[in-house]
Amino acid sequence: MSDTEDDDTPQLSSHALAALQEFYAEQKQQADPGAHDKYNIGIIEENWQLSQFWYSPETALRLAQEVITAAGEGGRIACVSAPSVYQKLRELHREDFSICIFEYDKRFAMYGEDFIFYDYNNPLDLPEHIPTHSFDVVVADPPYLSEECLRKTSETIKYLTKAKILLCTGAVMEEQAAQLLGVKMCKFIPRHTRNLANEFRCYMNFDSGLDCGL
Ligand SMILES: C[S@@+](CC[C@H](N)C(=O)[O-])C[C@H]1O[C@@H](n2cnc3c(N)ncnc32)[C@H](O)[C@@H]1O
């Protein structure tokens, strides 16, 4: 037996120490992400209590490309409850459009002035500096597959958009989406980073490469 005083000090196992180091590294990254990965999908972890299911990077990129084309040169894009599309748009480092992220989860306030707090329960409770019909295109992915959630989110979408809408939600919402927003289901199937139990689809009210049967 050693006779040093340190022998009485409680020690962490190597597993516990590794887990602790990983925890601190994640905390540090969330608090101070490097400029390079600030817009990585997943930098903010999914919180299933908030119905957060992130798109795969490929789907986020495809949707981002569609809305860039739809917005046109110097266009304004609103991402409503669709933070991965916002992140992908910013990751593309293009200066020829502007973007706002409307989100309930205040962790996304890390994106500064782009972030606008938004609760679908109060669809028109938006800041004064966001006038009606001020976005060329709105992309939205409401948190719940219910008529009430889609109806309220639709109020926000119609307030924000000049005309163009890209909605992602469950296949079961097809009829209500058509009634509320005049959007049609596309052939393109959005994918998520995890497999979801519900079938998801995209819906649009304009012609696009996502092939919406318009
Ligand atoms: C089904 S997820 C859509 C995310 C999308 N698949 C993506 O990857 O960007 C629903 C989104 O609604 C947001 N949300 C949750 N509660 C909300 C609320 N009360 N009002 C508005 N948005 C909410 C979540 O934070 C989440 O970003």
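Leaving aside residues up to four places away in sequence, T169 touches D141, P142, L145, L150 and A177, where touching, or being in contact, means that the C-beta atoms, placed from the backbone, lie within 7 Å. This is a predicted model, so local features need pLDDT of at least 70, side-chain atom pairs count only at pLDDT 80 or more, and totals for chains, interfaces and linings use all residues. Residues are numbered from 1 along each chain as its sequence is written.

T169 counts as buried because it has 25 C-beta neighbours inside 10 Å; the label takes 20 or more other C-beta atoms within 10 Å, with 12 or fewer meaning exposed and anything in between partly exposed, and those atoms are placed from the backbone. Buried residues make up 30% of the protein's 214 residues.

Now zoom out a bit. T169 lies in strand β5, residues 161–170. The protein has five helices and seven strands, which are DSSP runs numbered from the N terminus (helices: H or I, at least four residues; strands: E, at least two). Seven strands form an open sheet with mixed pairing, in the order β3-β2-β1-β4-β5-β7-β6; two strands pair if DSSP finds at least two bridges between them. At the edges sit β3 (115–117) and β6 (184–185), each pairing on one side only.

Strand β4 (residues 135–140) pairs with β5 in the parallel sense, over five bridges. Helix α5 (residues 174–181) lies across β5, β6 and β7 (200–204), and runs at about 170° to β5. That angle is between N-to-C directions, on a scale from 0 to 180 degrees, with axes fitted as lines to C-alpha atoms, for helices over the stretch in contact.

Definitions and conventions: Contact = placed C-beta atoms within 7 Å.
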